[in-house]
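Here is a brief report on one protein chain. Keep the sequence and the 3D view side by side while reading.

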Amino acid sequence: MGNDTASALKAINLTISQGEGSTSSPVDTDGTLSHYYRFAQVFHRRAIQGDANEEVGFSYTGAELAWSEHEDVYPIIDNITAAAYEGEQNIYVRMLNEDFNRFYTEMLDCLQYAFTDTTDLIRECVAMMTVLKEKQQAMHLQPVYGADGKWIGSASPTYEYQL
(Lines give C-alpha, C1' and ligand atoms only; values in the text may rest on other atoms or scores of the structure.)
Protein backbone atom coordinates (compact mmCIF):
# COMPACT_ATOMS: atom_id res chain seq x y z
CA MET A 1 0.00 0.00 0.00
CA GLY A 2 1.15 3.50 -0.75
CA ASN A 3 0.35 6.97 0.49
CA ASP A 4 -2.48 7.79 -1.90
CA THR A 5 -6.29 7.80 -1.92
CA ALA A 6 -6.55 4.39 -3.59
CA SER A 7 -4.34 2.85 -0.90
CA ALA A 8 -6.33 4.52 1.87
CA LEU A 9 -9.60 3.21 0.42
CA LYS A 10 -8.10 -0.26 0.10
CA ALA A 11 -7.09 -0.17 3.79
CA ILE A 12 -10.55 1.04 4.83
CA ASN A 13 -12.21 -1.73 2.82
CA LEU A 14 -9.88 -4.30 4.42
CA THR A 15 -10.88 -3.01 7.86
CA ILE A 16 -14.56 -3.27 6.97
CA SER A 17 -14.10 -6.76 5.50
CA GLN A 18 -12.60 -7.82 8.81
CA GLY A 19 -15.88 -6.91 10.47
CA GLU A 20 -14.80 -3.63 12.04
CA GLY A 21 -17.60 -1.27 11.18
CA SER A 22 -19.60 -3.72 9.08
CA THR A 23 -23.26 -4.52 9.67
CA SER A 24 -23.27 -7.16 6.94
CA SER A 25 -21.58 -9.89 8.98
CA PRO A 26 -20.13 -10.22 12.46
CA VAL A 27 -17.51 -12.63 11.12
CA ASP A 28 -14.34 -11.19 9.62
CA THR A 29 -12.42 -12.52 6.63
CA ASP A 30 -10.43 -15.02 8.70
CA GLY A 31 -13.63 -16.59 10.04
CA THR A 32 -13.48 -15.18 13.57
CA LEU A 33 -15.87 -12.84 15.32
CA SER A 34 -14.70 -9.25 14.86
CA HIS A 35 -13.70 -7.08 17.82
CA TYR A 36 -16.83 -4.95 17.66
CA TYR A 37 -19.13 -7.96 17.92
CA ARG A 38 -17.02 -9.60 20.65
CA PHE A 39 -17.38 -6.46 22.76
CA ALA A 40 -21.09 -6.22 21.89
CA GLN A 41 -21.56 -9.72 23.33
CA VAL A 42 -20.12 -8.48 26.61
CA PHE A 43 -22.43 -5.46 26.52
CA HIS A 44 -25.50 -7.62 25.82
CA ARG A 45 -24.23 -10.41 28.11
CA ARG A 46 -25.27 -12.91 25.48
CA ALA A 47 -23.53 -14.75 22.66
CA ILE A 48 -24.25 -13.69 19.11
CA GLN A 49 -26.00 -16.21 16.89
CA GLY A 50 -27.67 -16.45 13.51
CA ASP A 51 -31.27 -15.21 13.59
CA ALA A 52 -33.47 -15.37 10.49
CA ASN A 53 -36.04 -13.15 12.22
CA GLU A 54 -33.60 -10.23 12.30
CA GLU A 55 -32.99 -8.10 9.20
CA VAL A 56 -29.20 -8.29 9.70
CA GLY A 57 -29.35 -12.09 10.14
CA PHE A 58 -28.03 -12.30 13.70
CA SER A 59 -28.90 -11.27 17.24
CA TYR A 60 -27.56 -11.41 20.79
CA THR A 61 -29.92 -14.17 21.86
CA GLY A 62 -27.40 -16.99 22.29
CA ALA A 63 -26.10 -18.45 25.53
CA GLU A 64 -25.88 -16.11 28.48
CA LEU A 65 -22.33 -14.96 29.15
CA ALA A 66 -21.58 -15.74 32.76
CA TRP A 67 -19.15 -13.30 34.30
CA SER A 68 -19.03 -11.18 37.36
CA GLU A 69 -17.95 -7.54 37.35
CA HIS A 70 -16.49 -8.11 40.81
CA GLU A 71 -14.66 -11.38 40.15
CA ASP A 72 -13.79 -11.31 36.45
CA VAL A 73 -12.88 -7.68 35.85
CA TYR A 74 -9.61 -6.15 37.03
CA PRO A 75 -10.18 -3.28 39.47
CA ILE A 76 -7.88 -0.91 37.59
CA ILE A 77 -7.59 2.67 38.75
CA ASP A 78 -9.60 5.22 36.76
CA ASN A 79 -7.60 7.82 34.81
CA ILE A 80 -4.27 6.45 36.01
CA THR A 81 -1.17 8.61 35.86
CA ALA A 82 2.45 7.78 36.58
CA ALA A 83 2.13 9.75 39.84
CA ALA A 84 0.02 6.90 41.24
CA TYR A 85 3.08 4.67 41.04
CA GLU A 86 5.24 6.79 43.32
CA GLY A 87 6.35 5.43 46.64
CA GLU A 88 8.51 2.55 47.74
CA GLN A 89 5.67 -0.01 47.61
CA ASN A 90 5.07 0.70 43.91
CA ILE A 91 8.66 0.43 42.62
CA TYR A 92 7.98 -2.73 40.60
CA VAL A 93 4.78 -1.30 39.06
CA ARG A 94 6.61 1.93 38.22
CA MET A 95 9.32 -0.09 36.42
CA LEU A 96 6.67 -2.08 34.51
CA ASN A 97 4.94 1.13 33.49
CA GLU A 98 8.17 2.75 32.31
CA ASP A 99 9.00 -0.38 30.30
CA PHE A 100 5.48 -0.40 28.83
CA ASN A 101 5.71 3.26 27.83
CA ARG A 102 9.11 2.77 26.15
CA PHE A 103 7.76 -0.16 24.15
CA TYR A 104 4.49 1.69 23.42
CA THR A 105 6.53 4.57 21.98
CA GLU A 106 8.54 2.14 19.83
CA MET A 107 5.32 0.56 18.54
CA LEU A 108 3.80 3.96 17.67
CA ASP A 109 7.03 4.96 15.91
CA CYS A 110 6.96 1.67 14.01
CA LEU A 111 3.39 2.32 12.86
CA GLN A 112 4.22 5.87 11.85
CA TYR A 113 7.18 4.69 9.80
CA ALA A 114 5.20 1.79 8.27
CA PHE A 115 2.31 4.04 7.21
CA THR A 116 4.44 6.87 5.85
CA ASP A 117 7.56 5.24 4.47
CA THR A 118 7.21 1.51 3.97
CA THR A 119 4.50 -1.07 4.52
CA ASP A 120 7.10 -3.83 4.87
CA LEU A 121 7.23 -3.06 8.59
CA ILE A 122 3.53 -3.51 9.33
CA ARG A 123 3.88 -7.17 10.35
CA GLU A 124 6.60 -6.25 12.82
CA CYS A 125 4.39 -3.46 14.21
CA VAL A 126 1.48 -5.87 14.66
CA ALA A 127 3.79 -8.32 16.45
CA MET A 128 4.78 -5.47 18.77
CA MET A 129 1.08 -4.97 19.57
CA THR A 130 0.93 -8.57 20.82
CA VAL A 131 3.90 -7.97 23.11
CA LEU A 132 2.32 -4.73 24.31
CA LYS A 133 -0.87 -6.63 25.19
CA GLU A 134 1.17 -9.09 27.27
CA LYS A 135 2.89 -6.22 29.08
CA GLN A 136 -0.48 -4.62 29.81
CA GLN A 137 -1.93 -7.87 31.15
CA ALA A 138 1.09 -8.35 33.41
CA MET A 139 0.51 -4.90 34.87
CA HIS A 140 -3.15 -5.64 35.62
CA LEU A 141 -2.00 -8.40 37.97
CA GLN A 142 -0.01 -5.96 40.11
CA PRO A 143 -1.42 -4.14 43.15
CA VAL A 144 -1.01 -0.39 43.60
CA TYR A 145 -0.73 1.18 47.03
CA GLY A 146 -1.56 4.72 48.09
CA ALA A 147 0.68 6.98 50.18
CA ASP A 148 -0.97 5.52 53.30
CA GLY A 149 0.15 2.00 52.27
CA LYS A 150 -3.39 0.80 51.53
CA TRP A 151 -4.28 -1.03 48.33
CA ILE A 152 -6.05 1.28 45.88
CA GLY A 153 -6.49 -0.98 42.85
CA SER A 154 -4.73 -2.86 40.08
CA ALA A 155 -2.06 -1.31 37.90
CA SER A 156 -2.60 -0.27 34.31
CA PRO A 157 -0.30 1.33 31.75
CA THR A 158 -0.36 5.12 31.49
CA TYR A 159 0.16 5.10 27.69
CA GLU A 160 2.67 7.94 27.67
CA TYR A 161 4.67 8.63 24.53
CA GLN A 162 8.33 8.99 25.42
CA LEU A 163 10.15 11.83 23.67
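Y36 sits in helix 2. Helices (H or I, at least four residues) and strands (E, at least two) are DSSP runs, numbered from the N terminus. The model is predicted: local features need pLDDT of at least 70, side-chain atom pairs count only at pLDDT 80 or more, and totals for chains, interfaces and linings use all residues. Residues are numbered from 1 along each chain as its sequence is written, and side-chain values use heavy atoms, with hydrogens and water left out.

Y36 has a relative accessibility of 53% and counts as exposed. The classes are buried (under 20% relative accessible area), exposed (over 50%) and partly exposed in between, with a 1.4 Å probe and protein chains only. Y36 and P26 are ten residues apart in sequence, and their C-alpha atoms are 8.1 Å apart.

Helix 1 spans residues 5-17 and holds T5. T5 is exposed, at 61% relative accessible area. A11 also belongs to helix 1. A11 is partly exposed, at 27%. T32 falls in the loop between helix 1 and helix 2. Its relative accessible area is 34%, which is partly exposed.

| Pair | Apart in sequence | C-alpha to C-alpha |
|---|---|---|
| T5 and R123 | 118 residues | 22 Å |
| A11 and N53 | 42 residues | 33 Å |
| T32 and Y85 | 53 residues | 38 Å |

## Two positive phi angles

R45 has a phi near 60 degrees, a positive value in a residue other than glycine. R45 lies in the loop between helix 2 (35-44) and strand 1 (49-50). This residue is partly exposed, at 31% relative accessibility.

Y159 has a phi near 50 degrees, again positive in a residue other than glycine. Y159 is in the segment after strand 4. Its relative accessible area is 37%, so Y159 is partly exposed.

## The hairpin

Strand 3 (residues 143-145) and strand 4 (residues 151-154) run antiparallel and are joined by three bridges. Two strands pair if DSSP finds at least two bridges between them. P143 stands opposite S154 of strand 4. The two strands form a hairpin with five residues between them, and G149 in the turn has a positive phi of about 85 degrees.

## Core and salt bridge

The largest nonpolar core has 18 residues. Such a core is a set of buried Ala, Val, Leu, Ile, Met, Phe, Trp, Tyr and Cys residues joined through side-chain atoms within 4.5 Å. Y85, V93, M107, L132, M139, V144 and A155 touch the most other members. Helix 3 and helix 4 each supply at least two residues of this core. Helix 3 gives the most, with nine residues. In soluble globular proteins, nonpolar side chains tend to be buried together.

How many salt bridges does a search of the whole structure find? The search finds one. The term means a side-chain nitrogen of Lys or Arg within 4 Å of a carboxyl oxygen of Asp or Glu. The partners are K135 and D99, at 2.5 Å from N to O. K135 lies in helix 4 and D99 in helix 3 (residues 91-116), so the pair ties together parts that are 36 residues apart in sequence. K135 is partly exposed, at 23% relative accessible area. D99 is partly exposed too, at 29%. Side chains of opposite charge can pair when their charged atoms come close.

## The second largest pocket

A pocket is an open set of points on a 1 Å grid over the protein atoms alone, where a 1.4 Å probe fits, with protein on both sides within 12 Å along at least five of seven lines; lining residues have an atom within 4 Å of a point. The second largest pocket holds about 250 Å³ of space. Grid points are joined across faces, edges and corners, and a volume is the space filled by probe spheres set on the points.

Which residues line the second largest pocket? They are Y74, M107, M129, L132, K133, Q136, Q137, H140 and Y159. Helix 4 (residues 122-140) gives the most to this lining, with six residues. The lining divides into five nonpolar, three polar and one charged residue. Here Ala, Val, Leu, Ile, Met, Phe, Trp, Tyr, Cys and Pro count as nonpolar, Asp, Glu, Lys and Arg as charged, and the others, Gly among them, as polar.
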